[in-house]
Amino acid sequence: NMATITFIGLGNMGGPMAANLVKAGHDLTVFDLSSEAVKALTSEGAKSAATIQEAVEGAEVVISMLPAGQHVEAVYLGDNGLLKNLPSTTLVIDSSTIAPETAKGVAEAAVAAGITFMDAPVSGGVGGAKAGTLTFICGGEADAFERAKPVLECMGKNIFHAGPHGSGQVAKICNNMLLAILMSGTSEALALGVKNGLDPAVLSEIMKQSSGGNWALNVYNPWPGVMEGVPASRDYEGGFLVNLMNKDLGLAFDNAVKNQAPIPMGSLARNLFALHANEGNGGLDFSSIQKFYYREQN
Ligand code: NAD
């Protein structure tokens, strides 16, 4: 069941996601401020347009994958925003990671314009975007979710409905805050063991089989050389950048303040990753937080 889709924002994530929609046979038009990003997709068989308004003409579904909340608001709200230009039959899916309040604001404006909107941030990184195995975490009406599901399945493996508007963003923020805590805790335990002369591979195996086992330890070990194929074993290149983790921890922190929610562990993780970025590690994978706990002494 092929649809006419417009994809806006063809960066590290959006580019490969859009390519998977073309591969699935959808009629895809793309738009990005970068003409190079557009060119990469037209060479895969997507159509391009001179303006964003032109790009969404005739679209049944509009998907956006933009850096942050301000970009999402710029695209959808205001007199030149897409919500003023789209027919009410359009399904709009925003997969950017943004504050739940911002997503709710755009959703309210969409509802006022009679347009169906859903927040659908993703987990799985650039690797998951390329492989088409992303996890989509959706917030919106149940019928919007059912309409979106077959389209999202061309780009992802697990498609969740978290709840009403904004819930996708809330669930994403909770997950990434927990991930940052688990990665920090795992790095801390490994460094303590090594300071005592333990082999990090042996200690990892013991903790994996014991009650300390967790995703960071089990499949994304932060100690160089313990596990093959993870960023720690290639100088922390590739993977999920410290800068992006910092962005998500900032969203969690802001949200906790707004909701008067205590997040002592999340706040500590946010500061650890901010200090780590300040030391010039923002462009490394987030498992490089290991370096914060342990350095070879010569
Ligand atoms: P990116 O910076 O690589 O890409 C963003 C793209 O949006 C760029 O090509 C930019 O030119 C384009 N853009 C910006 N403003 C625009 C506008 N007004 N109109 C059209 N295009 C515009 O970012 P990314 O890594 O692809 O991330 C996108 C979103 O996904 C972010 O919210 C990020 O937090 C989230 N995310 C990223 C990852 C990851 O590993 N990179 C993982 C999960 C979620």
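Modeller: First, a word on confidence. This is a predicted model. The protein chain has a mean pLDDT of 97, and 99% of its residues reach 70 or more. The scores are ipTM 0.99 and pTM 0.96.

Now the helix. Helix 5 covers residues 100–112. Its 13 residues, at 1.5 Å a residue, should span 18 Å. The C-alpha atoms at its ends are 18 Å apart, so expectation and model agree.

Which residues of helix 5 are buried? They are P100, T102, A103, V106, A107 and A110. Seen down the helix axis, the buried residues fall within an arc of 160°, so they line one face of helix 5. On the other side, E108 and A112 are exposed.

What covers the buried residues of helix 5? The cover includes helix 4 (69–76), helix 8 (167–195) and helix 11 (242–258). Strand 5 (91–94), strand 6 (116–119) and strand 8 (134–139) are also among the covering elements. Just after helix 5 comes G114, with a positive phi of about 75°.

Two of these covering elements lead on to the ligand: helix 4 and helix 11. The ligand is surrounded by 27 residues, and the closest are G9, G11, N12, M13 and T97. Helix 4, helix 6 (125–131) and helix 11 each give two or more residues to this shell. Helix 4 provides the largest share, three residues. By type, the shell holds 16 nonpolar, nine polar and two charged residues.

Definitions and conventions
Residues are numbered from 1 along each chain as its sequence is written. This is a predicted model: local features need pLDDT of at least 70, side-chain atom pairs count only at pLDDT 80 or more; totals for chains, interfaces and linings use all residues. pLDDT is the predictor's confidence in each residue, from 0 to 100. Helices (H or I, at least four residues) and strands (E, at least two) are DSSP runs, numbered from the N terminus. The expected span of a helix is 1.5 Å times one less than its number of residues. A residue is buried if 20 or more other C-beta atoms lie within 10 Å of its own, exposed if 12 or fewer, and partly exposed in between; C-beta atoms are placed from the backbone. The arc is that of the directions from the helix axis to the C-beta atoms. Two residues are in contact if their C-beta atoms, placed from the backbone, lie within 7 Å. A residue is near a molecule or strand if its C-beta atom, placed from the backbone, lies within 6 Å of it. Ala, Val, Leu, Ile, Met, Phe, Trp, Tyr, Cys and Pro count as nonpolar, Asp, Glu, Lys and Arg as charged, and the others, Gly among them, as polar.
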